[in-house]
Amino acid sequence: MTSHSGSENDKKEIAEGRTPVQVEQLHSDTSPVQSSPPQLGHDRFSKNEKWSIVIFTAFVGIFSPLTANIYFPAIPTISKAFNKSTELINLTVTMYMVLQGIAPMLWGPVSDHVGRRPISALCLLILTLSCIGLALTPTSDYWLLMVLRCLQATGSASTIAIGAGVIGDISTRAERGGFVGVFTIGPMLGPSIGPVIGGVLADKLGWRSIFCFEVVPQLMLLHRFQPETLLSISAKNKEDTFLIYKPVIPVIGRGRRKADKIPVRPTQSKIPRNPFGLFLNPDVDALLLISALTCAVFYSFLATISTLFKDTYPFLNETTIGLCFLATGGGVSIGSTVIGRILDMEYQRFKKSAESRLSGTSSKLTVNHEEGIALEQARLRLLPFFSVILGITCAGYGWCIQRKVNIAAPLILHFIGGLVSICIMNASSTMMIDLVPSQSSSVTACNNLIRCILSAVIVSVIELIIKALGTGWTYVIMSSMSFLSVPLIYVAMRIGPRYRVKRQRLKEAEELARIVEPEEKK
């Protein structure tokens, strides 16, 4: 009777609003499970090993946007080779973007349960085989080109969602901002360097060389170094049982003997298999919209560089137009690194503030219980400033092109646009992983889906809007999406803490129920 009564009281305290920290303190003397804090396994890897994993994951993440954008300069050549209209060849781009949004919704949740390495290996294998097939496709088989492009998207697009899952596996909130910043350099560089590489290859070696180029780095690095990072796999020692979980070249962690492995206790809460359930969280929805609106503005810059620069600056050729994409790439690289450091500094500042409020009390902040930190403020409070800058930059870019000012002006605006866009998207992505770290791949897949849908719509209609309204007013309309994200940021900061704490309490209640049920049966 005593055990049953105590468990019911525990559930009641959590349900009535006491924080999990308070419940833990009240029952630490009587509960053997709560007597020592569980180790979440974030210290399984050293700091240097974590950075090695992040850098490798960022490199793999390049292939999703690279395979999409390296294709663009070769579209006229492929159209002639297959004797099909440009519209039909562009249909392969549309289908690629559709699969790019849908595929991670399958691979992301699966990797949250069976591990990162098996799914990552399968996706890269699909990508490699599809690239080989595209390089060998007969010009008489347009249908095969379409099918293989869809398969290419299925394999490549999932690398970003799985990569975000890896970051969630190895990082704490205190270091996650910097890791996400470096990781996203890879996926965001793809749209900038892809057209440059594709233009050179298509011009010098022919369109088939583009797909041959994509195969080489994948064959060199396909799953050779990356260890398994999913905590549940490590907790069950599956990497010692199944070869798929072992790296071919175990560089990371090779100095740690089997006996030296950090003991971890897998989480007691059940991880949902359906990623669509994440859309039922209003705070996550606000972050998804912020990221999607910003990504759409970002792609409105990139999608029209070739056509607008060619008409506005006739002295440019295909190669020099491709080099113009590097302005955005430079902004993305610098912005991604800077915002990562800023996010980590902001988190530490808010954490110290929360700790100072708790000084002199028995409460302590732990890895599990950080509701006392104003996490939404730490991650999002600078975003309204960045969104306003992006909106002004976008509108200014449109009028610079329409007035045909010196080419330096739009290139500088491209640099600024890339810098502030990545700052907004990285901060919102980091916040999403903070909210549901056990579903980091799933929430990134949701993010990718919404971003791809909205960006595909913008890319498909922006040329029509330019023809109807002119470049200047078109980009004024595009800038309104950036300004629209400002109130959404304040909504996320307002409602976020309530829903975050609610999810944490439900998770604590589930874990408590799983602990109490076996005791009651005894």
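Predicted model: local features only at pLDDT ≥ 70, side-chain atom pairs only at ≥ 80, totals over all residues.

Tutor: Residues are numbered from 1 along each chain as its sequence is written, and side-chain values use heavy atoms, with hydrogens and water left out.

Student: How many salt bridges does a search of the whole structure find?

Tutor: Side chains of opposite charge can pair when their charged atoms come close. The criterion is a side-chain nitrogen of Lys or Arg within 4 Å of a carboxyl oxygen of Asp or Glu. The search finds 5 salt bridges. One of them joins Arg 116 and Asp 169, at 2.7 Å from N to O. Because Arg 116 belongs to helix H8 and Asp 169 to helix H10, the pair ties together parts 53 residues apart in sequence; helices here are DSSP runs (H or I, at least four residues), numbered from the N terminus.

Student: Are Arg 379 and Asp 434 buried or exposed?

Tutor: Buried means under 20% relative accessible area, exposed over 50%, and partly exposed in between (1.4 Å probe, protein chains only). Arg 379 is buried at 2%, and Asp 434 is buried at 0%. Their side chains form a salt bridge of 2.6 Å, N to O, which links helix H18 with helix H20 across 55 residues.

Student: Which residues have the most contacts inside the largest nonpolar core?

Tutor: A nonpolar core is a set of buried Ala, Val, Leu, Ile, Met, Phe, Trp, Tyr and Cys residues joined through side-chain atoms within 4.5 Å. The largest has 67 residues, and those with the most contacts inside it are Leu 287, Phe 309, Leu 380, Tyr 397 and Tyr 475. Helix H15 gives the most to this core, with 12 residues.

Student: What is the state of Cys 295?

Tutor: A disulfide is a covalent bond between the sulfur atoms of two cysteines. It is assigned to a pair of cysteine sulfur atoms within 2.5 Å, and the whole structure has 0 disulfides. The closest cysteine sulfur to that of Cys 295 is in Cys 452, 7.1 Å away and too far for a bond. Cys 295 is buried, at 3% relative accessibility.

Student: Where is Leu 129 found, and is it buried or exposed?

Tutor: Leu 129 is in helix H8 (residues 116–135) and is exposed, at 51% relative accessibility.

Terms used. Helix = DSSP H or I, 4+ residues; strand = E, 2+ residues; numbered from the N terminus.
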